[in-house]
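Welcome! Have a look at the model below, and then follow a chat between two colleagues.

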Protein chains: 4
Amino acid sequence: MFQHSEKSQLLLAKLKTFMDEHIYPNETAYAEQLHRAENRFAPLPLMDELKEKAKAAGLWNLFVPEDHAQYCEHGGLSFFDYAPLAEEMGRVIWAPEVFNCNAPDTGNMEVFMNYATQAQQDKWLKPLLAGEIRSSYAMTEPQVASSDATNIQLEIKKDGDEWVLNGRKWFITGAMYERTKIFIVMGKSDPQNPSRHLQQTQVLVPKDTPGITLIRPLTTLGYDDAPIGHAEIVFDNVRVPLENVLLGEGRGFEIAQGRLGPGRMHHCMRLIGSAQRSLELACKRAASRTTFGRTLSKHQSVREEISKSFSEIEMARLLVLRTSHKIDEEGVAASVDMIAATKTTVPLLVQTVIDRCMQMHGAGGLTEDYFMAEAFNYARWCRQADGPDQVHQMALGKKIIDRYADQ
Amino acid sequence: MFQHSEKSQLLLAKLKTFMDEHIYPNETAYAEQLHRAENRFAPLPLMDELKEKAKAAGLWNLFVPEDHAQYCEHGGLSFFDYAPLAEEMGRVIWAPEVFNCNAPDTGNMEVFMNYATQAQQDKWLKPLLAGEIRSSYAMTEPQVASSDATNIQLEIKKDGDEWVLNGRKWFITGAMYERTKIFIVMGKSDPQNPSRHLQQTQVLVPKDTPGITLIRPLTTLGYDDAPIGHAEIVFDNVRVPLENVLLGEGRGFEIAQGRLGPGRMHHCMRLIGSAQRSLELACKRAASRTTFGRTLSKHQSVREEISKSFSEIEMARLLVLRTSHKIDEEGVAASVDMIAATKTTVPLLVQTVIDRCMQMHGAGGLTEDYFMAEAFNYARWCRQADGPDQVHQMALGKKIIDRYADQ
Amino acid sequence: MFQHSEKSQLLLAKLKTFMDEHIYPNETAYAEQLHRAENRFAPLPLMDELKEKAKAAGLWNLFVPEDHAQYCEHGGLSFFDYAPLAEEMGRVIWAPEVFNCNAPDTGNMEVFMNYATQAQQDKWLKPLLAGEIRSSYAMTEPQVASSDATNIQLEIKKDGDEWVLNGRKWFITGAMYERTKIFIVMGKSDPQNPSRHLQQTQVLVPKDTPGITLIRPLTTLGYDDAPIGHAEIVFDNVRVPLENVLLGEGRGFEIAQGRLGPGRMHHCMRLIGSAQRSLELACKRAASRTTFGRTLSKHQSVREEISKSFSEIEMARLLVLRTSHKIDEEGVAASVDMIAATKTTVPLLVQTVIDRCMQMHGAGGLTEDYFMAEAFNYARWCRQADGPDQVHQMALGKKIIDRYADQ
Amino acid sequence: MFQHSEKSQLLLAKLKTFMDEHIYPNETAYAEQLHRAENRFAPLPLMDELKEKAKAAGLWNLFVPEDHAQYCEHGGLSFFDYAPLAEEMGRVIWAPEVFNCNAPDTGNMEVFMNYATQAQQDKWLKPLLAGEIRSSYAMTEPQVASSDATNIQLEIKKDGDEWVLNGRKWFITGAMYERTKIFIVMGKSDPQNPSRHLQQTQVLVPKDTPGITLIRPLTTLGYDDAPIGHAEIVFDNVRVPLENVLLGEGRGFEIAQGRLGPGRMHHCMRLIGSAQRSLELACKRAASRTTFGRTLSKHQSVREEISKSFSEIEMARLLVLRTSHKIDEEGVAASVDMIAATKTTVPLLVQTVIDRCMQMHGAGGLTEDYFMAEAFNYARWCRQADGPDQVHQMALGKKIIDRYADQ
């Protein structure tokens, strides 16, 4: 009960050791490499070194689920068993990539596992699993409420043996990254289809296809999240062969549904780690900092805030675990209520916890001397990522009302 | 995982049926009997009828823990397995008594099971288990911060073969109730003992002992919680035989420690039920009430609040379950951190949820036409009961800081 | 600037003295008279004594506005100048009646001043101003969202030379009070009128008119607010002469508009006083109570909460003053935005402040030993009174969006 | 009442016109100049052009208070009259510099006006007033709680006819800016002085003095606030002549006291403008954006949030005005309670309002396409600037408790 499999526990122990030995000690070096980089979206040498070490340590592709065991060495993990591992990686913003477990690639790889042809898998999934290339999921558009996938407007037209794409996307995570080679693009191929859920198609578009322009990197609260980043992109008569379709014409919405739920959960898992680490930093600070003749830890207000933060993190973690467990038992579709509850609760809660922990650090808490400022941005951003919380609350609220209305 | 034993599930199903058949349909009748009562602290006929039905249905003494199986017919339940049952009972403020599961009697019966002599058990525990009498736990005092048991000042002096008690208590739940026959009284018997934890003793004091004066019933937010109620009591040279000591002289603090943790958890379990029922009422209201030409359920703000409330209740429930499970596995003493986290989080969260649900009911939501107003008072009161939240946060905050300070 | 007229300042000084000499010292006596009353809705002797003293002190009918100077001895006060006086009275829940300044009578008296014929004034306004009788404003109905006056359904039909009323009202403040003699009743007289704002009429209905049944007193959070109280009332073929109409047929909405804005402001003014007194009690408690070896006042968390409460009360007070000043300068109609901002902000803020102050008092803070519990109920109830906050936020939000949308 | 002088109103009208004509239309150009700058801390050509225009428009040095009328053309403004002007400037993060009204220079210029010799004024105040140079106020240190000025540790020793400075400062606003020429440095000159308030001295240190090293620019939430910025600085045997002392040896604390209160108020004034503009942006967004078939403005939740934000901004603005007025009437020293209330309330409130407004803008709300993200950072940062809120709450809470404790 509340207990993870032995396999998960062993991997977690190994992962903690790896974090202690290779990740935390390199936080400053990583920041400096990025700071000195001529191109902030080029791969960092340190990342490549660490990836090799993670592979060697058997800490690679931990996200791969049980039913896709063939794609990884460790044999796959349930959602529930992956949660503490993702939490651990979330303690350093850039750590997930070290283990090939970063967004959006994990979700994209799952799309390839679930919906791609053998040829598509050979060409793109293999190097993704090897960490040689990166990918983007191009769905969000500036002009529409993209949280509802049926709103997507980018035009996908069949022309002879090609798809022709025209439109604009933004907040396309990873698109700026030099290592990214492939975009999964969602667009509208059949605007007249009477079913809103059959109007969309997803196609594979190599990043170097003519007609693609990376307009600019986008920032959130001033962060560019380099080297992975978020891009605004224009597609101007971009052409790819018909075989680049995923799953089939008109099935884009279906893919999106399967893709997004797990992605939201992975964000939440990592955010728990961000909050937990912030809490631990706050505890260390409280124990070591003296103001007005007493250590901070003796101030009742500090104790109350630590107590509150501890309790809230614990609740958030339990919610993530509960939802993960439900996904394992009943699948993503049956778990949309709990996924929505998690997605609309955890990021805001984590933002609040980190805000408190930063405040205990004085002005320094807002700087890059700690990881909290960037983690705060991550939590804030997740209240918008994959749809603003309000849209999910609209759907969840309606569902709960219906559930109890006629009882 | 997150799943209760078959036994617990069967009892829950039976309990839900009982609530549907006997409790909810009697809410109005119960309110009227109480309203018309000449003495608000006399037993209500309806309660006695329902108790017989609950016994007949095998829904009696559900609180009895596994390691005290001999005291009940159902063979005892773990904390974890009792949680959903207590939650269910919490859906109606006065329901727990129907099943002999109300505070403070459950905690007091556990004290008898754990610490009383056979003679003490024969005299008091038996009729308590049978629901024939009720009891009070007389600890809190108006002049000291009673959340720290070592502060208790009521004087207990040995005089010949008697204990003599002098002092004042308040918020003594159940003391006003006519059916209550026995007080467990905590006092200071050895003020000079160098160990603060050995200064206290607990003695059994029959309610009709000369020298006891029930000063007045106390209210919280205007509620007297009749017929159980909360009393202010004066002890003026109250004498009981030496054999009335519990466990032994100087061991009062030890008893209090074992007594209070589980009691706090039981409150939280019931509060989850109060919040859940409030949410369900709000859903029904949202689906049926029309304002400004639309049903409430179509207002985005209503959906957001329902969504938030659903998520928060789920988190609170998980926290209660997690802590219950820890108590089952590791005992109360090892679980004080999680008990404190639960006690300082759930009542405030439930108060907030109920406040929202009341607001959706218009002015009527604040009346006795719904159970929400009284449940709101229950949640608010629990932020003080067994010590104000702030005192528990002080201890928990300190513990968490120490845990991470030197890592 | 931010400064009240000399007249207002002098009255405030006198009022403070009166509170010190006659109100605070009688709080216990008042509670006891009410507690011992056979009929909780009968006038209390103590109230009558105090009213005579207030009259003698020149502290009578302070609410009368400047433009109705003829109705009072002091010559009328602006909204802005009345605010600090109403705040002062709000420090004791029942104090406003002592000065003939309690809801709903102040609002009702203004209705008489503004809209009644000389005959109507002679019959009802005179004894109201003298404090000899009390009145009710019967608008809210259980089945409709009464915050929008156009929803009111009670049927008012002309039959010969009489109005015939049929319908149900609830939360009719004052109706239970024995001293109450007259109801101002709002109903629908012309349901087919194409203008929703011309369908309503208000008529004067003596409380003893046949066909009126007081169903029950209503409570909020357990409080019956006796002796004034809130009633549920049925009107069954209640007949009054045509001359009992106020202002004219079809002008009920117009009256309601003028009536409700000032009423909301008066509640907010009094609530500031409730919050301020709670804060002062919390300060006294913090300075005198010792826990864990330190006075509460030395705990940083207590200081933060006192600091927060002080700042929030100050902001709320300024908002009340600002809105009052706008009403003085531009009238009620032009001030609906600021009235809505005040009405939707102050009660919730005050509820939060009082909740904190109660918590600092330990369990005792929730009892009748302090005035905070009842003041908490008053604040909570005002979030529903005169329409739930959400309805006012709907209107205000729309207005603000329109204001800036096209700039 | 609540009304500003005609002079203030005229300047405000002129300022609004200037903002419309010269500031808002240049926001993109400014961002691009900064983005393309080789040195982010070099002066921007656009800023210099705009400063000339502001001078020409008579919108220069608006911050200068009435009692220093000789330093400006407009004759000085009271705190109360300056508030709406500072609010207006706060609508664009970099706008205050255009009018020579940016922090920390305004505060520093006031220090020169109040405490500097004629020679010091000639050398530094004149070019500051002319906008030719900029300045820094070097007080905060990484190792101590600098919110209490008596904690400052940087060593200032007299050696012959020179002061010798050794120590480390951080968050020294403006120090990175190329245009900055002079530092006002606070340090400890007399550590043994029995009065903690006489141990500190402030000296003028030209930025190019040998021994000064600008270690690095600091960021908050990822923002470097270029070109003004915040620096970490080391002072290593930095020598300045004795005549560079301000006011006199041992009078540093006295200067700090006078300097910081007004500075905090100026931040709050500007933050009101930031919040107000965010609200206006949110209104425009709500009116123009359609999701799920309805404009955002029709969603009840959006209306509630707009309503709440409007009300909160109004309260915050009133608090700023009230405190400003008190400073005008009674001086800074007598207003420390209201300054603390303002400083600990407004930034957090503004942060919350902007957070809501950003959220209504979807993912774009977090980018540089709007000014909200940077304004959010400004508000967040002000909860630390000039001392963390908690330190001010400690002092204010204590003061309020004392005020009411013995009444």
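The questions below go through the chain contacts, the annotated spans and some backbone details.

Modeller: Before we start, this is a predicted model, where local features need pLDDT of at least 70, side-chain atom pairs count only at pLDDT 80 or more, and totals for chains, interfaces and linings use all residues. Residues are numbered from 1 along each chain as its sequence is written, chains are lettered from A and ligands numbered from 1 in the order in which they are written, and side-chain values use heavy atoms, with hydrogens and water left out.

Biologist: Thanks! How many residues of chain B are in contact with chain A?

Modeller: Contact means heavy atoms within 4.5 Å. Chain A brings 46 residues to this meeting, and the number from chain B is 46.

Biologist: What area do chain B and chain A bury between them?

Modeller: Buried area is the accessible area (1.4 Å probe) that two parts lose on being put together, summed over both. For chain B and chain A, carbon and sulfur atoms carry 73% of it, and the total is about 4,300 Å².

Biologist: How many salt bridges does the rule find across the interface of chain B and chain A?

Modeller: A salt bridge is a side-chain nitrogen of Lys or Arg within 4 Å of a carboxyl oxygen of Asp or Glu. Between chain B and chain A, the number that passes this rule is zero.

Biologist: And how many residue pairs are in polar contact across the interface of chain B and chain A?

Modeller: A polar contact is a pair of N or O atoms within 3.5 Å; within protein, one must be able to donate a hydrogen and the other to accept it, and residues adjacent in sequence count only if both atoms are side-chain atoms. With both residues at pLDDT 80 or more, the number of such pairs between chain B and chain A is six.

Biologist: Which element gives the most to the side of chain B that touches chain A?

Modeller: Helices (H or I, at least four residues) and strands (E, at least two) are DSSP runs, numbered from the N terminus. The elements giving two or more residues to that side of chain B are α8 (252-288), α9 (300-330), α10 (336-343) and α13 (389-405). With 17 residues, the one that gives the most is α9(B).

Biologist: Now for chain D: what area is buried between chain D and chain A?

Modeller: The contact takes 40 residues from chain D and 41 residues from chain A. Carbon and sulfur atoms give 55% of the buried area, which in total is about 3,400 Å².

Biologist: Which residue of chain D forms a salt bridge with Asp355(A)?

Modeller: The rule finds six salt bridges across the interface of chain D and chain A. In the one with Asp355(A), the closest N and O atoms are 2.9 Å apart, and the partner is Arg383(D).

Biologist: By what turn can chain D be laid on chain A?

Modeller: Copies are superposed by least squares on the C-alpha atoms of residues with pLDDT of at least 70 in both. For chain D on chain A, the RMSD is 0.0 Å, the shift along the axis is 0.0 Å and the turn is 180°. The two copies are thus related as by a two-fold rotation axis.

Biologist: Which C-alpha of chain D is nearest the axis?

Modeller: Let's look along that axis. The nearest C-alpha in chain D lies 2.7 Å from it and belongs to Gly222(D).

Biologist: Which domain does UniProt place at residues 137-238 of chain A?

Modeller: UniProt positions are given in the numbering used here, feature names are shortened, and annotations may be inferred rather than shown by experiment. In the model, residues 137-238 of chain A are 0% helix and 50% strand, with end C-alpha atoms 16 Å apart. The unreviewed UniProt entry names this span "Acyl-CoA oxidase/dehydrogenase middle".

Biologist: How much of residues 250-400 of chain A is helix?

Modeller: The unreviewed UniProt entry annotates these residues of chain A as "Acyl-CoA dehydrogenase/oxidase C-terminal". The span is 3% strand, and its helix share is 75%.

Biologist: Where is Asn61(C)?

Modeller: Phi of Asn61(C) is near 55°, a positive value in a residue other than glycine. The place of Asn61(C) is the loop between α3 (45-56) and α4 (79-89) of chain C.
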